[in-house]
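Please read the numbered points with the sequence and the model in view.

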Amino acid sequence: MQLWRKCKKGAACLRAVPLGIHGQAAQMKDYYKILGVDRQARTEEIKKAYRRLARQYHPDVIKGDKQKEGHMYEIQEAYACLQNEERR
């Protein structure tokens with residue numbers, strides 16, 4: 001199974017793009033950007049931003065909007081990672 005593929009620029013390009021499980025290019029998510037906080041934000045600021053966004057994008061509030069529901073899952077994933085200072 002190939003985990004890397006050459007970039008589209010051709011043979012002169014030495015950069016490789018990491019592939020995910022299904023052969024798609026893996027993308028790193030910026031959890032700070034998702035929550036709308038600065039990288040030096042304290043835990044309390046991260047928690048406050050998470051709660052604000054959770055109220056805004058909660059499935060009971062958005063009533064079946066699948067795109068916003070998907071954004072809620074990203075918010076939860078970001079908070080799960082950033083709430084623990086060791087995982088940051």
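1. Leaving aside neighbours within four places in sequence, Arg88 is in contact (heavy atoms within 4.5 Å) with Tyr32, Ala41, Arg42, Thr43, Ile46, Cys81 and Leu82. Arg88 belongs to the segment after H4, and its relative accessibility of 33% makes it partly exposed. In this note, buried stands for under 20% relative accessible area, exposed for over 50%, and partly exposed for what lies in between, with a 1.4 Å probe and protein chains only. Between the C-alpha atoms of Arg88 and Arg39 the distance is 9.6 Å, although 49 residues separate the two in sequence.

2. On the basis of the model: it is predicted, local features require pLDDT of at least 70 and side-chain atom pairs pLDDT 80 or more, while totals for chains, interfaces and linings use all residues. Residues are numbered from 1 along each chain as its sequence is written, and side-chain values use heavy atoms, with hydrogens and water left out.

3. The overall arrangement comes next. The chain contains 4 helices and 2 strands, and their order along the sequence is β-β-α-α-α-α. Helices (H or I, at least four residues) and strands (E, at least two) are DSSP runs, numbered from the N terminus. Of the 88 residues, 26% count as buried. The chain has an accessible surface of about 7300 Å², 50% of it belonging to carbon and sulfur atoms; the area comes from the Shrake-Rupley method with a 1.4 Å probe. Among contacts with a separation of 6 or more, 34% join residues 24 or more positions apart.

4. Which residues of H2 are buried? They are Ile46, Ala49, Tyr50, Leu53, Ala54 and Tyr57. They lie on the same side of H2, because the arc they cover around the axis is only 135°, taken from the directions from the helix axis to the C-beta atoms. Glu44, Lys48 and Arg55, on the other side of H2, are exposed. The cover over the buried residues of H2 includes helix H1 (31-35), helix H3 (59-62) and helix H4 (66-82). Helix H2 itself (residues 43-57) has 15 residues and reaches 21 Å from first C-alpha to last, close to the 21 Å expected; the expected span is 1.5 Å times one less than the number of residues.

5. Helix H4 can be read in a similar way. With 17 residues, H4 should span 24 Å, and its end C-alpha atoms are 25 Å apart, which agrees. Its buried residues are Glu69, Met72, Ile75, Ala78, Tyr79, Cys81 and Leu82, and they pack against H1, H2 and H3. At the start of H4, a side-chain oxygen of Asp65 comes to within 3.3 Å of the backbone nitrogen of Gln67.

6. In soluble globular proteins, nonpolar side chains tend to be buried together. Not counting residues up to four places away in sequence, Leu35 touches Ile46, Ala49, Tyr50, Arg52, Leu53, Ile75, Ala78, Tyr79 and Leu82.

7. Lys47 lies in helix H2 and has a relative accessibility of 38%; its C-alpha is 9.0 Å from that of Leu82, 35 residues apart in sequence. His71, in helix H4, has a relative accessible area of 23%. From His71 to Ile34 the C-alpha distance is 8.8 Å, with the two 37 residues apart in sequence.

8. Lys63 has phi near 55°, a positive value in a residue other than glycine. Most residues other than glycine have a negative phi. Lys63 is located in the loop between H3 and H4 and is exposed, at 68% relative accessible area.

Terms used
A polar contact is a pair of N or O atoms within 3.5 Å; within protein, one must be able to donate a hydrogen and the other to accept it, and residues adjacent in sequence count only if both atoms are side-chain atoms.
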